[in-house]
Amino acid sequence: LTISQVNELNYEDFIGRFGNVIEHCSICAAAVWRFRPFHDIRHLHQAICSFVDLLPNTGKEGVLRLHPDLAGRLAELGSLTQESSAEQKAAGLDTMTPEEKQLLKDTNSKYRDKFGFPFVICARQNKKEAILKGIVERLEHSAAEELNIGIEEVKKICMLRLLSIVPDEK
Ligand SMILES: NC(=O)NC1=NC(=O)NC1=O
């Protein structure tokens, strides 16, 4: 899809294509529809990020809560979205040893108990070692810090999902 084709999409098709660039948050795509035409994919990404940045903390927590755990229950049930499934696979989360799996599961629930939202990281930019290290380190942060870090990771996930729909034009 080229950016000019993006700009020609009707609303339904726009949502159909971009509705999950932020996991289960089609409102993010719906909210930026009014800003078309987009000059390039970065412009579309920036519009989505601005919408997310302007959410109240409760909204930001909601965005994080809509993310599936890494190698969590949904992954085990095979009911991740296509995008999440590919991302978690890319990080090598499907090749974890039982010990690694248990460590991630335990740390995920400690993290969620402490912050009230799940640990979110851009899996495509982190191999499983970095993810296991990251969650242990980030568990020491404050909720305010982790809210922001999690949202920044969501923005990275969003950019990669956008680029898989509209390759960046050099
Ligand atoms: N909790 C998460 O970080 N989930 C995810 N990160 C990704 O990059 N894809 C996911 O499903």
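Leu 162 counts as buried, at 0% relative accessibility; buried here means under 20% relative accessible area, exposed means over 50%, and partly exposed lies in between, with a 1.4 Å probe and protein chains only. Leu 162 is found in helix H10. Helices (H or I, at least four residues) and strands (E, at least two) are DSSP runs, numbered from the N terminus. The model is a predicted one, in which local features need pLDDT of at least 70 and side-chain atom pairs count only at pLDDT 80 or more, while totals for chains, interfaces and linings use all residues. Residues are numbered from 1 along each chain as its sequence is written, and side-chain values use heavy atoms, with hydrogens and water left out.

Around Leu 162, not counting residues up to four places away in sequence, the partners touched are Phe 18, Val 21, Ile 41, Leu 44, His 45 and Ile 48. Contact means heavy atoms within 4.5 Å.

His 45 has its place in helix H4 and counts as buried, at 14% relative accessibility. Leaving aside neighbours within four places in sequence, His 45 is in contact with Lys 155, Cys 158, Met 159 and Leu 162.

Helix H10 also holds Glu 153. With a relative accessible area of 8%, Glu 153 is buried. The contacts of Glu 153, again leaving aside neighbours within four places in sequence, are Val 120, Ile 121, Cys 122, Asn 126 and Arg 138.

H8 passes H9 in a left-handed crossing, a term used if the near helix is turned anticlockwise from the far one by less than a right angle, with right-handed used if clockwise. On the H8 side, the meeting residues are Glu 100, Leu 103, Leu 104, Thr 107, Asn 108, Tyr 111 and Phe 115, and their counterparts in H9 are Lys 128, Ile 131, Leu 132, Ile 135, Val 136 and Arg 138. Sorted by class, this contact of H8 with H9 has eight nonpolar, two polar and three charged residues. Ala, Val, Leu, Ile, Met, Phe, Trp, Tyr, Cys and Pro count as nonpolar, Asp, Glu, Lys and Arg as charged, and the others, Gly among them, as polar.

Helix H8 also contains Arg 112. Arg 112 counts as partly exposed, at 33% relative accessibility, and touches Asp 69, Phe 117 and Pro 118, not counting residues up to four places away in sequence. From C-alpha to C-alpha, Arg 112 and His 24 are 19 Å apart in space, and they are 88 residues apart in sequence.

His 24 brings the account to the backbone. Although not a glycine, His 24 has a positive phi of about 60°. His 24 lies in the loop between helix H2 (11–18) and H3 and counts as partly exposed, at 46% relative accessibility. Ala 71, likewise a residue other than glycine with a positive phi, has a value near 55°. The loop between helix H5 (57–65) and helix H6 (73–77) holds Ala 71, which is buried, with a relative accessible area of 12%. A further backbone feature is the cis peptide bond from Arg 36 to Pro 37, with omega near 5°. Pro 37 lies in the loop between helix H3 (26–32) and helix H4 (41–53).

What of the space inside the model? The structure holds one cavity of 30 Å³ or more. On a 1 Å grid over the protein atoms alone, a cavity is a set of points where a 1.4 Å probe fits but cannot get out, and lining residues have an atom within 4 Å of a point. Grid points are joined across faces, edges and corners, and a volume is the space filled by probe spheres set on the points. By class, the lining of the largest cavity divides into seven nonpolar, three polar and three charged residues.

Notes:
1 Å grid on protein atoms, 1.4 Å probe; cavity = no way out; pocket = protein on both sides within 12 Å on 5 of 7 lines; lining within 4 Å.
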